[in-house]
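Biologist: Thanks for sitting down with me. Could you walk me through this one?

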Amino acid sequence: MCNNCNLNIDAERTDEFGQKLLQIVNHSALSFMLSIGHRARLFDIMSEMEHATSEAIAEQSGMNERYIREWLGAMVTGGIMEYDPVLKTYFLPAEHAALLTRAAGSNNFATTMQWFSVLGSVEDQIVDCFSEGGGVPYSEFARFHEVMAEESYNSVVCGLFEHILPLVPGLEEKLNAGIEVLDIGCGSGLALIEMAATFPQSRFTGFDISEESIGRAQASAAKRGVTNVTFQVQDVSQMNLTNTFDLITAFDVIHDQAKPDQVLSQVNTALKPGGTFLMQDIAASSNVEQNIANPLGPMFYTISTMHCMTVSLAQGGAGLGTCWGKELACSMLEEAGFNNIDVQELPHDIMNYFYTMTKMS
Ligand SMILES: C[S@@+](CC[C@H](N)C(=O)[O-])C[C@H]1O[C@@H](n2cnc3c(N)ncnc32)[C@H](O)[C@@H]1O
């Protein structure tokens, strides 16, 4: 008998599930309001204000009071802000501001909330893919490179010197002395620019297939005034470089690839003997049952269906997906020629594992 025909369903279980769905409705709605609060800088502004009326917040932000008041309604009913019904004032508690403002750096959840509208911009095409297969290319996503740059500022740049580079013993000394560094799929290049500014004796190269992101990276490097970094439009599955780099980094890149096996093998060839590959990739298992307890499980599979997997499939690629997982990652790295892979989790980034390995001669 099919489930829907079964009259002996557990009413309590259905009720509990209904409560969960109700929460999902409200939390999904709030994700848009949190994203808007971030983009309009309202959390940053309100974190510096005492209890204030919507008029005072509008005046301070220079924005429209009617929109602000409606948005504040979502913030109050959603438990993000406090409201005094007598004085009609709104307040962002410092404990909440600590997770919602730009000053919060890697703790800023509001940056991540922007992904839902980015994904929503391609929902129609994704639904078509469910019946027709294929994928949606990077170019179809509204604001992808802009949001990615903000997200990776939090997960890479904010932890670069304190957490990420120290994963490789002696690396900072080598960077100070002067080495060749490549970042594959560099996006807007913020991590590379930060390293180039800090280690003037080293030379840094960023490759990305996207003209938009390379343009953004070149503009940021020029603005920062760093001259030891070069950005180039390049498909990293076809680099064809041998024994060229002392360090290659890949921040949140490999699982999106059309040809991830080819990219990893090209990385191995492009490294000098003794050189290091440092790969940041999603903290998940290759097995769905081991991701049930993952605090970001639904987020990972959603972002995969609506971005990471589909951009790869759009190129006729492998479509590994966000949850290709540690098990598959390690076996693909071994197939590419790496055999001393270390996998670490870092305190500033709950979304990713950090893989480090050395190329043997
Ligand atoms: C998820 S984003 C990460 C960007 C950047 N590493 C960061 O942390 O901000 C993946 C990047 O890989 C780039 N990419 C995808 N396939 C590529 C390929 N075959 N060659 C070079 N870049 C590629 C995309 O254009 C995109 O910028």
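Biologist: Happy to start at the ligand: how far is a backbone N or O atom of V236 from a nitrogen atom of the ligand?
Modeller: Bear in mind that this is a predicted model. V236 is among the closest of the 19 residues that surround the ligand. Its backbone N or O atom lies from the ligand nitrogen at 2.9 Å.

Biologist: Which helix gives the most residues to the shell around the ligand?
Modeller: The shell has S152 among its closest members. The top contributor gives 4 residues and spans 144–155. That is helix 9.

Biologist: Let's turn to N108, in the loop between helix 5 and helix 6. Is N108 buried or exposed?
Modeller: Buried means under 20% relative accessible area. N108 has a relative accessibility of 4%, so the residue counts as buried.

Biologist: Which side chain does the side chain of N108 make a polar contact with?
Modeller: The N108 side chain reaches the backbone oxygen of T101 at 3.2 Å. Its side-chain partner, at 3.1 Å, is T111.

Biologist: Finally, how far apart are the C-alpha centres of domain 1 and domain 2?
Modeller: Domain 1 covers 9–102 and domain 2 covers 118–358. Their C-alpha centres are separated by 33 Å.

Conventions. Residues numbered from 1 in each chain as written. Predicted model: local features only at pLDDT ≥ 70, side-chain atom pairs only at ≥ 80, totals over all residues. Heavy atoms only, no water. Helix = DSSP H or I, 4+ residues; strand = E, 2+ residues; numbered from the N terminus. Buried < 20%, exposed > 50% of the residue type's maximum accessible area, 1.4 Å probe, protein only. Polar contact = N/O pair within 3.5 Å; in protein donor to acceptor, adjacent residues only side chain to side chain. Domains from an automatic or database assignment. Near = heavy atom within 4 Å.
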